[in-house]
There are 2 protein chains.
Amino acid sequence: MNNSVPFEGPVCPLPLSNHEQILIGHGSGGDLTHHLIRKVFQNYLGNDILSAGNDAALIQLANFQTKQDRLVVSTDAHIITPLFFAGGDIGRLAVCGTVNDVAMMGAKPLYLTATFILEEGFLISDLEKILVSIQKACLEAGVQIVAADTKVTEKGKSDGMFISTTGFGLAPNNRLIAGDQANVGDAVLLTGPIGNHGIAIAEARGNLGFKSGVKSDIAPLNQMLAALLAKVPDVHVMRDPTRGGLATTLVEIAQQSAVTIELIEDLIPIDPPVRNACAMLGLDPLYLANEGKAIIILPQARVELALRILKKHNYGKNAARIGTVTSSEKSRLLLRTPFGTRRVLEMLTGEMLPRIC
Amino acid sequence: MNNSVPFEGPVCPLPLSNHEQILIGHGSGGDLTHHLIRKVFQNYLGNDILSAGNDAALIQLANFQTKQDRLVVSTDAHIITPLFFAGGDIGRLAVCGTVNDVAMMGAKPLYLTATFILEEGFLISDLEKILVSIQKACLEAGVQIVAADTKVTEKGKSDGMFISTTGFGLAPNNRLIAGDQANVGDAVLLTGPIGNHGIAIAEARGNLGFKSGVKSDIAPLNQMLAALLAKVPDVHVMRDPTRGGLATTLVEIAQQSAVTIELIEDLIPIDPPVRNACAMLGLDPLYLANEGKAIIILPQARVELALRILKKHNYGKNAARIGTVTSSEKSRLLLRTPFGTRRVLEMLTGEMLPRIC
């Protein structure tokens with residue numbers, strides 16, 4: 001849906017039931033495009049800003065508290081396959097992924113934009129399921145979609161649906177949460193068990209060969225993180241370990257902050273079905289994707305309070321301390337095993353499971 | 001390139017020359033992704049905000065003049081085929097399309113985000129050509145890319161490259177330029193000849209069967225429109241006639257403003273090679289896509305001054321008045337032909353040329 005399409009025009013003469021699949025003409029910008037927007041997209045995503053029907057959305061800056069606030073912006077393409085899986089779908093993923101990236105900067109996510117690339121022949125009923133999912137996730141996260149665009153490729157030139165989302169929100173100027181802020185002595189927290197998203201996607205692709213019962217952990221973390229920051233404003237780093245998993249994300253942080261981070265393997269929460277699936281498939285859960293978890297690095301003195309706040313929230317009830325920033329001699333990630341040995345963890349090499357998000 | 005990837009890490013051990021095509025692992029979020037970002041994307045798109053390497057970009061709101069300003073946001077997916085054509089490529093298109101949508105609201109475009117969906121096997125050399133083109137277009141338009149993300153699909157699951165861009169900028173609060181602001185008596189201006197983009201794409205696809213010599217008109221219009229608004233602040237509507245062409249866009253405006261717009265066919269600028277190509281192919285130039293043109297609707301008394309300003313700019317040197325808002329009785333677009341007859345123009349029906357932008 002290009003914003004230049006007015007939503008308030010006369011009723012389109014083409015009933016959608018005449019073509020229950022996406023046609024190439026739905027991307028033409030002409031009457032079919034207008035019809036798709038009015039009859040489908042607008043039903044689920046409509047709001048005052050989006051529905052104004054101009055080339056761009058207008059947002060009053062008066063929404064912003066002070067000129068000292070900072071605008072926080074993040075963008076992601078979502079090409080996950082399959083589109084539907086245990087625990088979510090591409091719609092929930094597209095909203096939560098971007099909401100979380102904005103929230104990881106200590107910002108309050110406010111608005112999203114979305115582009116939809118649809119393959120000719122895509123079922124309108126599947127599009128509607130995904131839009132319902134987007135609508136629910138936006139409601140849960142407290143964000144609005146303010147601008148959107150839809151394009152259509154010929155059959156075989158895309159893969160059902162790709163969604164790109166851009167999110168923006170506001171952060172107070174006095175809050176500095178970033179990958180280069182980890183200090184020696186800081187504690188490393190994780191908001192819950194890892195690997196659920198990766199295993200759920202592998203299973204949805206038929207790659208497991210057995211039923212794991214694992215669901216994706218996709219969730220908007222912004223409300224929980226806002227509650228944390230309200231009481232613990234001196235958090236140093238927050239980041240969600242998505243593609244590349246916990247290990248890759250912590251290597252990134254170790255490099256950005258030029259510190260050694262040491263994880264205690266026994267303390268890293270992993271659900272038993274995920275652990276079993278990893279054992280059977282030879283996957284390392286430290287490199288599996290997550291979509292509803294946050295790494296939080298903060299001063300040692302704040303650990304108890306932070307865990308108490310996180311555990312009150314559904315998405316943080318299994319939060320745990322998993323490690324420490326131990327030195328500034330080398331930029332590296334170490335894993336202390338149950339046998340007391342330590343090994344260096346590197347970034348994910350090559351690909352373990354592509355198109356995971 | 002996910003922003004969570006730090007650009008300032010140690011040199012990656014994998015020389016890019018070992019794999020001059022995009023591999024599925026370039027989308028894994030691991031070391032190949034980091035390498036692609038450092039060695040390719042960062043070379044062309046790097047700036048202080050983008051290179052901070054966090055989950056989201058931070059922008060000082062102090063850049064904004066007053067709390068009364070409004071944030072203007074627009075988003076577009078670009079799936080054009082082929083990726084390279086006379087007059088431009090998908091990179092220039094992705095920047096200009098979004099810059100123009102923000103500018104059409106009377107706003108100053110400041111920042112862009114971009115997502116790249118790449119097909120496995122895509123040539124790194126082609127990626128670099130497109131990034132150079134993005135870099136040049138950003139420089140010309142005076143905007144920065146502040147956040148980006150790259151994903152990779154398996155071969156055959158996408159079509160080379162898709163780019164989604166989101167743009168944002170600022171508009172003064174006292175400026176109301178929108179599709180519903182056309183008034184009876186207003187003049188309709190067009191900044192230059194129509195149909196060049198549509199014919200250039202048709203030719204690049206081998207659909208013409210002859211050499212037209214036509215180049216796409218892709219251009220960032222924001223500097224020219226800012227110059228116009230500085231002297232003529234009381235513009236009522238600005239919109240770029242992209243997908244669906246001049247006719248579809250003016251039907252949209254007629255519906256939003258609930259007015260009749262009358263075009264004088266003889267006054268609509270069309271380059272002779274475009275006219276010839278349309279005649280040979282049976283295409284109607286009024287429905288061909290444009291990527292560097294604006295429709296401007298403003299009070300009759302401002303026409304002369306507006307045209308004088310537009311004609312000083314390279315992208316407006318063939319600007320012309322093409323019609324008038326004639327009544328508020330019906331929401332429709334009329335075309336007065338050279339024979340003095342009038343016919344009603346509708347929106348584009350079905351599709352004339354898909355994947356045009």
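Predicted model: local features only at pLDDT ≥ 70, side-chain atom pairs only at ≥ 80, totals over all residues.
Residues are numbered from 1 along each chain as its sequence is written, and side-chain values use heavy atoms, without hydrogens and water.

Chain A can be laid on chain B by a turn of 180° with a shift of 0.0 Å along the axis, giving an RMSD of 0.0 Å (least squares on the C-alpha atoms of residues with pLDDT of at least 70 in both copies). This is the relation of a two-fold axis, and in chain A the C-alpha nearest that axis belongs to Ser158(A), 2.1 Å from it. The same surface serves both copies, since 100% of the contact residues of chain A recur in chain B (contact means heavy atoms within 4.5 Å).

Within chain A, helix α5 (residues 222–231) packs on helix α8 (residues 303–311) at an angle of about 150°, with the axes 9 Å apart; α5(A) and α8(A) are therefore roughly antiparallel (angles over 145 degrees). The contact joins Met224(A), Ala227(A), Leu228(A) and Lys231(A) of α5(A) to Leu305(A), Ala306(A), Ile309(A) and Leu310(A) of α8(A), and these residues divide into seven nonpolar, no polar and one charged.

Ala289(A) lies in the loop between α7 (272–281) and β11 (295–298) of chain A and is buried, with a relative accessible area of 4% (buried means under 20%, with a 1.4 Å probe and protein chains only). Beyond its neighbours within four places in sequence, Ala289(A) is in contact with residues including His197(A), Pro241(A), Arg243(A) and Ile356(A).

Methods: Chains lettered and ligands numbered in written order. Helix = DSSP H or I, 4+ residues; strand = E, 2+ residues; numbered from the N terminus. Buried < 20%, exposed > 50% of the residue type's maximum accessible area, 1.4 Å probe, protein only. Axes fitted to C-alpha atoms, helices over the stretch in contact; angles between N-to-C directions. Parallel < 35°, antiparallel > 145°, perpendicular 65-115°, else oblique. Nonpolar A, V, L, I, M, F, W, Y, C, P; charged D, E, K, R; others polar.
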